[in-house]
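Visitor: I have a structure open and would like to go through some of its details with you. Shall we begin?

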Amino acid sequence: MPKTRKRKQVEAEQKPKSATKSAKTANPFKATAKDPYPNHPRPTREECLSVRDDLLAFHGFPEEFAEYRKQRLMALETDGAMNSEPSDRKESVLDGLVRTLLSQNTTEVNSQKAFASLKSAFPTWEDVLGADSNSIENAIRCGGLARTKTSCIKNMLRCLLEKKEKLCLEYLRELSVDEIKSELSCFKGIGPKTVACVLMFQLQQDDFPVDTHVFEIAKAIGWVPAEADRNKTYLHLNQWIPNELKFDLNCLLYTHGKLCRKCIKKGDSQQGKESHDNSCPLFRYCQ
């Protein structure tokens with residue numbers, strides 16, 4: 001049963017857009033200027049700073065995001081990512097996009113293995129596009145949902161080649177955030193979280209992806225209303241979290257969500273005995 005649920009989660013993000021889609025399920029990028037919870041004035045700048053500092057003191061900065069953080073600092077020193085030389089970058093935008101797709105509904109270790117296996121079997125994206133689906137599925141099987149992810153990757157590469165006549169997304173570095181969102185959202189299977197991750201990690205833009213971990217913590221500490229869904233949480237948090245805090249805070253919340261479930265479960269009756277447990281730095285923020 002858990003595998004069925006995971007497959008449905010991925011397919012939900014990969015479902016083609018419909019012209020008759022209701023406002024409730026519409027692409028959240030079409031309303032990025034609107035806050036779905038204008039009467040919920042949180043988190044404040046002070047809250048964001050406090051949570052970031054507490055998590056940083058508790059975990060240190062996550063090593064897995066250290067290289068991306070270094071790239072952001074270099075981009076700031078050179079007056080923006082657009083001015084940095086391509087030779088300074090170890091990962092292309094297309095590499096990052098596929099890596100993010102492979103991370104859906106699996107562990108970080110398995111997604112890294114899947115990406116490494118894919119690049120080993122098919123050194124170039126032209127090789128991936130020209131390969132049969134079964135071969136690609138075998139290469140990424142360790143990451144789970146191989147058939148679904150293979151279909152998504154091949155469809156994206158095919159559409160990109162038809163549109164730009166080459167398999168490269170570096171042109172996105174020259175576009176505005178709204179233009180980048182529009183470009184990537186055109187690909188079937190590329191959902192809001194994936195786009196936000198590419199914006200934040202590969203393009204060094206100020207965006208705040210909302211995955212399951214970030215979403216659950218945001219609800220637990222009252223940064224969004226209890227009835228909030230992930231898409232509306234994305235819109236709300238991107239309105240309220242200061243741009244200069246988004247990257248570090250997002251990486252720290254994601255890491256904390258993976259390692260600690262206590263703050264999320266504090267409201268459960270079974271967690272009553274842990275109400276005075278100081279092992280979680282977010283306990284004091286929980287409502």
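Guide: Helices here are DSSP runs of H or I with at least four residues, numbered from the N terminus. Please note that this is a predicted model.

Visitor: Where is Gly222 found?

Guide: Gly222 sits in the loop between helix 11 (212-220) and helix 12 (230-240).

Visitor: Is Gly222 buried or exposed?

Guide: Gly222 has a relative accessible area of 2%, and under 20% means buried. Its C-alpha atom is separated by 7.9 Å from that of Tyr285, 63 residues apart along the chain.

Visitor: Aromatics next. How many aromatic pairs are there?

Guide: The count comes to five aromatic pairs. In one of them, Phe61 and Phe247, the ring centres are 6.2 Å apart and the planes stand at 25°, so the pair is stacked.

Visitor: Which parts does that pair tie together?

Guide: Phe61 lies in the loop between helix 2 (45-59) and helix 3 (66-77), and Phe247 in helix 13 (residues 243-259), so parts 186 residues apart in sequence are tied together. Phe61 is buried at 18% relative accessibility, and Phe247 is buried at 5%.

Visitor: And what about Phe201 and Phe247?

Guide: Their ring centres are 5.9 Å apart with the planes at 75°, so this pair is edge-to-face. Phe201 belongs to helix 10 (residues 192-202).

Visitor: Which residues form the aromatic cluster?

Guide: Phe61, Phe65, Tyr68, Phe201, Phe247 and Tyr254 form one cluster.

Visitor: Changing topic, how do helix 7 and helix 8 pack?

Guide: Helix 7 (residues 133-140) and helix 8 (residues 146-164) pack at about 120°, with axes 9 Å apart. That makes helix 7 oblique to helix 8.

Key: Residues are numbered from 1 along each chain as its sequence is written. This is a predicted model: local features need pLDDT of at least 70, side-chain atom pairs count only at pLDDT 80 or more; totals for chains, interfaces and linings use all residues. Side-chain values use heavy atoms; hydrogens and water are left out. Axes are lines fitted to C-alpha atoms, for helices over the stretch in contact, and angles run from 0 to 180 degrees between N-to-C directions. Helices (H or I, at least four residues) and strands (E, at least two) are DSSP runs, numbered from the N terminus. Angles under 35 degrees count as roughly parallel, over 145 as roughly antiparallel, 65 to 115 as roughly perpendicular and the rest as oblique. Buried means under 20% relative accessible area, exposed over 50%, partly exposed in between (1.4 Å probe, protein chains only). Rings of Phe, Tyr and Trp (its six-membered ring) pair if their centres lie within 6.5 Å; planes under 30 degrees apart count as stacked, over 60 as edge-to-face and the rest as tilted.
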